[in-house]
Amino acid sequence: MMSRRRWLVAACACAASIVVLWLLRDPAWLASYDRGLFGVAVDESGREVRWTTSKASFYLPASASLIAFDVAGRLEAGVRVSIFVDGQRVARVLAYPEWQTIRVASASLPASSRRHRRVDIQVAQTWGPERFGVKIGWPVEVR
Amino acid sequence: MIRLGHRVFVPLVFCLGLLAQIAIYSEGYASQPIRSDGVSYYVYLPSIVLHQSPRLWVLANEEYSGRFPEWTSITRWTRGGGAGWLNPHPIGVAILMLPFFLAAHLLTLWSNLPPDGFSLYYQQAASLSGLVYGVLGLEILRRALLRYFAPGIVLAVLVAITFGTNLFHYMTYDAIYSHAYAFFLVSALVFLVPRWYDAPTMSRSVCLGLVCGLLVVTRHTHGLLMLLPLLYDVGVGVSMRERLSFLWRHASAVAAAASAAFLVVLPQLLIYYSVTGHWLVTGYDQQETFHFDRPHFFGVLFSVQKGVFFWSPLLLIALAGFFVMPRAVRAFRTPSLIALALITWLVASWFDWQFGGSYGHRAYTDVLPLFALALASFCAWLVARPMPVRAASVTAIGLATALSVVQMLQYWKGIVPIGDTTWEQYRELFLRWP
């Protein structure tokens with residue numbers, strides 16, 4: 001038989017876990033979280049960019065009606081890039097050294113109850129010892 | 001006071017470890033938990049759990065654009081029509097880390113983080129896992145030592161082994177490496193072996209088998225530690241003939257232990273077979289091999305580069321303990337010394353006898369429970385010695401522990417080089433603080 005004190009400890013632990021899980025469901029800090037992205041750099045045209053590795057993720061406000069970002073690769077032959085929003089593939093393009101704009105209307109995405117949407121970028125081929133993927137014009141535009 | 005110490009020591013190490021990990025990553029002493037050798041211990045989890053790809057193809061393609069980086073030592077197996085990536089680091093760490101990985105994965109899905117095996121929660125879980133196994137190892141070691149030694153001696157030994165060696169470092173800074181896990185398993189071995197010989201019940205046999213199997217798949221060369229259950233008490237309390245007779249009389253218990261061990265090793269064998277078409281294979285290439293004819297004994301034991309007794313002088317004191325072991329602990333002496341000698345020969349013969357970048361010699365972190373038995377024996381022996389001998393020895397143990405802590409912090413801050421330290425460098429960095 002569990003003593004009254006142990007019941008109390010167990011109940012407190014459960015309550016604390018529920019609070020933590022609730023806080024982690026849609027944390028505000030996701031806005032500044034990214035993975036697989038190098039730091040902000042300035043490319044030869046003077047534009048601020050961030051290079052991806054083979055996989056990169058970042059977050060944008062779910063309230064945006066349009067997500068638009070520019071992508072460019074390094075290889076003349078192009079490199080295959082897949083873009084996912086909240087796990088759903090929204091575009092698959094060949095990225096060339098010239099910039100191209102990816103536009104995703106929120107209307108085309110499933111409704112989200114969260115504050116942020118996750119954008120994943122998957123690059124089929126990387127270059128250099130640092131394994132650069134493609135560069136993205138930074139910051140990403142949202143409307 | 002000592003009773004209180006026993007109650008709080010292990011939880012205290014856990015809290016200190018958590019604080020250390022927070023400091024290490026928030027201050028930028030290390031980039032992220034899953035890095036360096038840790039990557040190859042870890043990749044089994046995302047590969048198998050997330051991608052159902054035990055031959056590591058999907059991860060190679062998705063995470064590394066088709067080819068694992070050279071520093072992971074994961075190589076493409078092309079001989080004899082093999083199809084897959086061969087990982088030189090076995091699956092044991094991943095098996096032990098699995099509960100943490102699953103929790104991280106569920107939390108990742110819950111928080112909408114990238115469920116790719118490498119985002120935030122996976123990193124934190126991998127780091128926490130090493131700390132938890134290290135702490136569990138300490139708790140098991142505490143209980144194992146209490147069978148033979150007074151509580152005060154056990155507490156002193158736990159403090160010294162945790163902070164006077166590189167154990168705390170491998171529970172925190174390099175928690176993803178195999179060493180905290182192996183320390184846990186060797187502690188469990190030291191705990192289980194005498195109890196199994198007391199009464200080889202089915203549950204103890206299965207536990208012993210699981211621990212032995214996990215040791216082999218955590219680091220294959222830890223097969224040498226099977227000497228511990230085999231030779232325990234031989235030449236002290238029983239002869240070899242009596243030991244064999246005991247094992248024969250308890251054949252069903254031995255079979256249960258062997259079956260449990262085989263079950264744990266089986267996933268590794270299946271991976272080897274599916275990648276190479278062979279059940280047993282070495283994952284290292286031809287340059288990365290043993291040179292048994294020219295071992296670097298001095299380098300491994302005493303050198304400024306990575307000598308285990310140079311960087312953890314406490315273990316030199318512990319070594320003396322093997323020769324003053326009380327009667328009950330002497331059962332461990334022969335198998336421990338043989339295992340330590342063979343491990344030293346193996347390590348000294350390895351092409352990279354420094355074991356790459358590391359604080360102290362990390363090959364010996366795994367077998368610290370054996371040194372703990374010896375250090376406790378030394379402390380027990382000290383109790384009956386004259387006051388000046390006791391005072392000098394306690395001072396030496398205290399200084400060795402303090403020096404190790406300072407040097408560990410220097411390593412974290414990049415003052416101590418990760419390898420190939422020279423005597424001039426050491427003299428220059430000795431007790432230096434920026």
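The residues lining the second largest pocket comprise 16 nonpolar, 11 polar and 7 charged; here Ala, Val, Leu, Ile, Met, Phe, Trp, Tyr, Cys and Pro count as nonpolar, Asp, Glu, Lys and Arg as charged, and the others, Gly among them, as polar. The model is predicted: local features need pLDDT of at least 70 and side-chain atom pairs pLDDT 80 or more, whereas totals for chains, interfaces and linings use all residues. Residues are numbered from 1 along each chain as its sequence is written, chains are lettered from A in the order in which they are written, and side-chain values use heavy atoms, without hydrogens and water.

**Pockets**

A pocket is an open set of points on a 1 Å grid over the protein atoms alone, where a 1.4 Å probe fits and protein lies on both sides within 12 Å along at least five of seven lines; lining residues have an atom within 4 Å of a point. Points are joined across faces, edges and corners, and the volume is the space filled by probe spheres set on them.

| Largest | about 1,200 Å³ | 24 nonpolar, 11 polar, 7 charged residues |

Of the 34 residues that line the second largest pocket, B:His89, B:Arg219, B:Tyr284, B:Trp350 and B:Phe355 are the closest to its centre. Helix H17 (333-349) of chain B is one of the elements giving two or more residues to this lining, and its share of 3 residues is the largest. Helices (H or I, at least four residues) and strands (E, at least two) are DSSP runs, numbered from the N terminus.

The largest pocket has 42 lining residues, of which B:Gln32, B:Pro33, B:Ile34, B:Phe118 and B:Gln123 are closest to its centre. Both chains contribute: strands S1 (34-37) and S3 of chain A are among the elements that each supply at least two lining residues, as are helices H1 (2-26) and H6 (120-146) of chain B. H6(B) gives the most, with 7 residues.

**The interface**

Contact (heavy atoms within 4.5 Å) joins 21 residues of chain A to 20 residues of chain B. A:Arg35, A:Lys55 and A:Arg131 supply 30% of the area that chain A buries against chain B, more than any other three residues; buried area is the accessible area (1.4 Å probe) that two parts lose on being put together, summed over both. A:Arg35 also forms a salt bridge with B:Glu63 (2.6 Å, N to O), the term denoting a side-chain nitrogen of Lys or Arg within 4 Å of a carboxyl oxygen of Asp or Glu. Across the interface there are 3 salt bridges.
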